[in-house]
Amino acid sequence: MVAVLAACTGDNSASSERFVAGSALDSLPALSIAEGRLVCTATGADGCPLSSAVANRFDDGRVAVWEPGSEVRILDAKNPSGRAFGVSGQGTGQYAVALAVGPYQGGIAIVDGQRNRLLHYDDAGNFKREDVLPTPTPNAAPGFVGDTPVLQTLQAPSDSAVAHLKVELLTSQEERTGVTVLDVPVPWLRLRGDSAVSFTPFFPTSPVYSIDRDQTVVWAPGDSFRVERRGFKGAVKWTLVSDRQGLPVTERDIEIRRDLIYRTAARGQLRPGELDSMVAATASMHPVISGIVLESRGRVLVAGSIAPSRDSVEYLLLSNAGEPANRLTLPMRTHPLILSGDSLLVHRPTEGEPWELRWLILKSRP
């Protein structure tokens, strides 16, 4: 069942809210997945991301892919397997922890989170200069979306109040205030200053978003099936809602997450009873939406629930206008980075466990 409701925004532009039943989403045509070009396989010495890749697509078709703490790679038509960009290191002109990479002031810039510097390079990767960035705060993350500098922050309006996710567009990375394009609550998180005063659920529901080059933001609260595209000035272009629910949280999910947190926490980090308090704060359902990947001025890939006891995640593909078009399924540990036409760049483990960057081809089933 599909219902479209017309509404008016504050600036008198038309907006549409479309309801689609969960059963209709489950019946969308499924896409099959075929292997595409291998970009690289992580060996620990070649700069290919080992376990947590980040990507940014540039305006001219280039894609930057990196892992904080490792080297940046640029993919383009001449270098489909990527080329090392700049130098990863501790010295002047080198980046120790690349937090963000994007076109900037006629070249390419890298935000180094360890040295708190903005490194400027020409397009070939030759170092030009570096600037000191404003003193960072614990809950602020500078970045790039395409060639647009952005700043994401988590802030509470008052002591121990519910935190808000705030996204601002910056005129330069040297600034720490800009034009707010998204300001939404994170209901489970309360902050006193920069410190959390609430326990983190095992499977926290948090807003997810991505910014498009047509000056819109596509976002979802995560705790319900609601996807919205809005302009930078707040005008809602469309909203897609559904009665689809997240997957139920199982005892096995709790067991897997408890074990992971216990094994990876630093010595002395966990307080007595903290894991039990985190379990008590955990909802009975996983977030219904866990991520969004945008095709530039195009479609929207929406990730469903991610449950550690399951081996796959279901995705929905929406048109630029928010119309559900297809569904597809990927292994749980396959992380989509870039959507481009019928191609999807992913970071995933291989059978022998080294991770790889690879393009997958999305095909309609006969």
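Student: Leaving aside its neighbours within four places in sequence, which residues is Arg73 in contact with?

Tutor: In this predicted model, Arg73 is in contact with Cys40, Asp46, Gly47, Cys48, Val63, Ala64, Val65, Ser81, Gly82 and Arg83, once neighbours within four places in sequence are set aside. Arg73 itself lies in strand S6.

Student: Is Arg73 to be read as buried or exposed?

Tutor: Buried means under 20% relative accessible area. Arg73 has 9% relative accessibility and therefore counts as buried.

Student: Which strands pair with S6, and in what sense?

Tutor: Strand S5 (residues 63–66) runs antiparallel to S6, and three bridges join the two. On S6, Ile74 is the bridge partner of Ala64. Strand S7 (residues 83–85) also pairs with S6 in the antiparallel sense, again over three bridges. There, Arg83 of S7 is the bridge partner of Ile74.

Student: What lies between S5 and S6?

Tutor: The two strands form a hairpin with five residues between them. Gly69, in the turn, has a positive phi of about 100°.

Student: Where does the model show a positive phi in a residue other than glycine?

Tutor: Gln105 is one case, with phi near 50°. Gln105 is found in the loop between strand S8 (98–104) and strand S9 (107–112). Ser160 is another, with a positive phi of about 65°. Ser160 lies in the loop between strand S13 (148–155) and strand S14 (161–169). With a relative accessible area of 21%, Ser160 is partly exposed.

Student: Why is the disulfide of Cys40 and Cys48 called right-handed?

Tutor: The torsion about the S-S bond is about 75°, so the disulfide of Cys40 and Cys48 is right-handed. As to accessibility, Cys40 counts as buried at 7% relative accessibility, and Cys48 is buried with a relative accessible area of 3%.

Student: How many residues has helix H2, and what is its reach?

Tutor: Helix H2 (residues 251–264) has 14 residues. From its first C-alpha to its last, H2 reaches 20 Å, close to the 20 Å expected at 1.5 Å a residue.

Student: Which residues of H2 are buried, and where do they lie around the axis?

Tutor: An α-helix has 3.6 residues a turn, so residues three or four places apart point the same way. In H2, the residues Asp253, Ile254 and Ile261 are buried. They cover an arc of only 95° around the axis, which puts them on the same side of H2.

Student: What covers this buried side, and what does the other face carry?

Tutor: Helix H3 (274–280) is included in what covers the buried residues of H2. The face of H2 turned away from its buried side carries the exposed residues Glu251, Tyr262 and Arg263.

How values were computed:
Residues are numbered from 1 along each chain as its sequence is written. This is a predicted model: local features need pLDDT of at least 70, side-chain atom pairs count only at pLDDT 80 or more; totals for chains, interfaces and linings use all residues. Side-chain values use heavy atoms; hydrogens and water are left out. Helices (H or I, at least four residues) and strands (E, at least two) are DSSP runs, numbered from the N terminus. The expected span of a helix is 1.5 Å times one less than its number of residues. Buried means under 20% relative accessible area, exposed over 50%, partly exposed in between (1.4 Å probe, protein chains only). The arc is that of the directions from the helix axis to the C-beta atoms. Contact means heavy atoms within 4.5 Å. Two strands pair if DSSP finds at least two bridges between them. A disulfide is a pair of cysteine sulfur atoms within 2.5 Å.
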